[in-house]
Amino acid sequence: MTTTTTAHPAEVLLDAQAAGALHLPVCDHYSGVEERMRKSLQLQAQMLQEFGTCVFDVTLDCEDGASVGQEQAHAQLVAQLARGAVAGARVAARVHAVDHPAFVQDMDIIAGEAGAHLCHIMLPKVESVEDVLKAEKALQRATGVRVPLHVLIESPAAVHRAFEIAAHPAVQSISFGLMDFVSAHGGAIPASAMGVRGQFEHPLVVRAKLEIAAACHAFGKVPSHCVVTEFKDTAALQAAATQASQSLGYTRMWSIHPAQIRPILAAFAPAMAQVQEASTILVAAAAQHWAPISHEGVLHDRASYRYYWQLLERAHRTAMPLPQEARQWFVTEAA
C-alpha cells in the first residue's frame with residue numbers, strides 16, 4: 001500500500017518543540033583506552049554493515065581515558081581515530097571539563113583536527129550555562145565546523161539549572177552523571193543509590209533524573225540516561241534501560257561495555273505490534289492528506305500522528321524491521 005501524498009511525515013508533523021535532536025541513536029558507547037577505542041569503532045562498523053544504519057555512537061573519552069601527563073597525546077589519538085572512522089560512523093569525543101588545564105588543548109586538537117568527523121563533543125561536569133558558553137567559544141576558535149555539544153550534569157546545583165542549560169541552542173543532549181551526583185551529597189545518599197536498583201528508588205536521584213528529562217523535552221533536546229556499572233548483569237541492564245525509557249522519559253543511554261549495546265537497543269525499541277499500528281495509522285493519515293481519521297473506532301489527528309511518527313523513527317534508530325508501507329519514508333535517510 002502506498003500513500004497518496006508526497007509530503008513526508010517529518011515535514012508535516014514535527015513542530016518546533018518536537019523537532020529537536022530526534023535522530024540520535026539510542027545508545028552512546030564510551031571507551032577511553034586505545035585498544036578499547038579501536039575495538040569500539042570496529043564493532044560500530046560491523047553493526048553499521050549488519051543493520052544498514054548506525055545504531056550507536058562511539059564516544060572516545062579524554063576525561064577518564066587520558067593518563068595524567070599524557071593528555072595531549074591522547075587528544076591527538078582521539079582526533080586520529082575520529083578521522084579514520086568508516087563512512088556513516090558516528091564518532092564523538094568527551095573532552096576534559098572547562099576548568100581543567102587540558103580543556104583548551106583538547107578542543108584545539110580534537111575539534112581543530114577532526115571537527116568535520118565528529119557527531120558531537122561531550123562536556124563533563126557542566127555546572128551552568130556559563131560553562132556551555134566557554135565551550136562554545138573554544139569550539140569556535142578551534143574550528144569553523146558546527147559541532148553539537150552534549151553536556152553531563154553531575155551535581156545538585158547543575159540539576160537546578162537543567163532548564164537553562166537545555167535552552168542553549170548549542171546543546172543537543174543532556175546526560176546524568178549518577179556517581180558524582182551521589183557523592184556530591186556528602187554521604188546523605190547511600191552508596192546503594194549508585195547501583196542498578198537503588199538509582200531507581202532513592203527519591204533525590206529519581207528527582208534529578210526526572211528534572212533532566214523534563215528540561216530536555218521542554219526544549220526539544222535528548223535526555224541520555226547514566227551508565228549501569230554492573231555490565232556483566234545483562235538482565236539488570238535491560239531492566240534499567242526499560243525503566244529509564246518507559247518510566248522516566250529518557251530516549252538515549254550510555255554504554256560502557258560492548259555487551260551492553262544490544263540490550264540497550266532492545267530496551268529502547270518499541271514493540272513490533274506498536275510499530276505495525278503506527279505504520280497503519282500513518283499510512284491511512286497520509287492517504288487523507290493528514291486530516292483526522294478514525295482507526296478501530298478511535299479518532300486520530302496530527303497530535304497522535306506526531307506520536308506515531310516518532311515511534312517509527314525510534315524503531316528505525318534501533319534497527320527494527322519496518323512494515324513495507326512505512327519503509328518509503330526512511331529510504332532517503334538510509335541512503
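Predicted model: local features only at pLDDT ≥ 70, side-chain atom pairs only at ≥ 80, totals over all residues.
Q: Which elements do the buried residues of H10 pack against?
A: The buried residues of H10 are Val-205, Val-206, Ala-208, Lys-209, Ile-212, Ala-213, Ala-215 and Cys-216. In general, an α-helix has 3.6 residues a turn, so residues three or four places apart point the same way. The partners against which the buried residues of H10 pack are strand E5 (149-153), helix H7 (156-160), helix H8 (162-167), strand E6 (171-176), helix H9 (178-183) and strand E7 (222-225).

Q: Which residue just after H10 takes a positive phi, and of about what value?
A: The residue that directly follows the end of H10 in this description is a glycine with a positive phi. That residue is Gly-220, and its phi is about 70°.

Q: How many disulfides does the structure hold, and how far is the nearest cysteine sulfur from that of Cys-119?
A: The structure holds 0 disulfides, and a pair of cysteine sulfur atoms would have to lie within 2.5 Å to count as one. Cys-119 is in no disulfide, since its nearest cysteine sulfur belongs to Cys-54 and is 7.9 Å away. Cys-119 is itself buried, with a relative accessible area of 14%. The values asked for are therefore 0 disulfides and, for Cys-119, a distance of 7.9 Å.

Q: Is Cys-216 buried or exposed?
A: Cys-216 also takes part in no disulfide, and the nearest cysteine sulfur, that of Cys-226, is 13 Å away. The relative accessible area of Cys-216 is 0% and buried means under 20%, so Cys-216 is buried.

Q: What span do the end C-alpha atoms of H4 cover, and which elements are included in what covers its buried residues?
A: H4 has 13 residues, which at 1.5 Å a residue should span 18 Å, and its end C-alpha atoms are 18 Å apart, in agreement. Within H4, the buried residues are Glu-71, His-74, Ala-75, Leu-77, Val-78, Ala-79, Leu-81 and Ala-82. What covers these buried residues includes H3, strand E2 (56-61), E3, H5 and E4.

Q: At what angle do helix H3 (residues 34-51) and H4 pack, and which residues make the contact?
A: The axes of H3 and H4 are 11 Å apart and the angle is about 15°, which makes H3 roughly parallel to H4. H3 passes H4 in a right-handed crossing. The contact is made from H3 by Glu-34, Met-37, Arg-38 and Leu-41, and from H4 by His-74, Leu-77, Val-78, Gln-80 and Leu-81.

Q: Which elements do the buried residues of helix H5 (residues 103-114) pack against?
A: H5 has 12 residues and reaches 16 Å from its first C-alpha to its last, close to the 16 Å expected. Its buried residues are Phe-103, Asp-106, Met-107, Ile-109, Ile-110, Ala-111 and Ala-114. These buried residues of H5 pack against helix H4 (71-83), strand E3 (91-94), strand E4 (118-123) and helix H6 (129-142).

Q: Where is His-29 found, and which residues does His-29 touch?
A: His-29 is found in strand E1 (residues 27-31), and it is buried, with a relative accessible area of 2%. Leaving aside residues up to four places away in sequence, His-29 touches Ser-40, Phe-56, Asp-57, Val-58, Thr-59, Ser-255, Ile-256, His-257, Pro-258 and Ile-261.

Q: Is Trp-290 buried or exposed, and is Glu-296 buried or exposed?
A: Trp-290, in the loop between helix H13 (272-287) and strand E9 (293-295), has a positive phi of about 65° although it is not a glycine. Glu-296, in the loop between E9 and strand E10 (298-300), is another non-glycine residue with a positive phi, near 50°. At 4% relative accessibility Trp-290 counts as buried, whereas at 72% Glu-296 counts as exposed.

Q: Which residues does His-8 touch?
A: His-8 lies in the segment before helix H1 (9-13) and is partly exposed, with a relative accessible area of 23%. Not counting residues up to four places away in sequence, the residues that His-8 touches are Trp-309 and Trp-329.

Definitions and conventions: Residues numbered from 1 in each chain as written. Heavy atoms only, no water. Helix = DSSP H or I, 4+ residues; strand = E, 2+ residues; numbered from the N terminus. Expected span 1.5 Å × (residues − 1). Buried < 20%, exposed > 50% of the residue type's maximum accessible area, 1.4 Å probe, protein only. Contact = heavy atoms within 4.5 Å. Axes fitted to C-alpha atoms, helices over the stretch in contact; angles between N-to-C directions. Parallel < 35°, antiparallel > 145°, perpendicular 65-115°, else oblique. Left-handed = near helix turned anticlockwise from the far one by under 90°.
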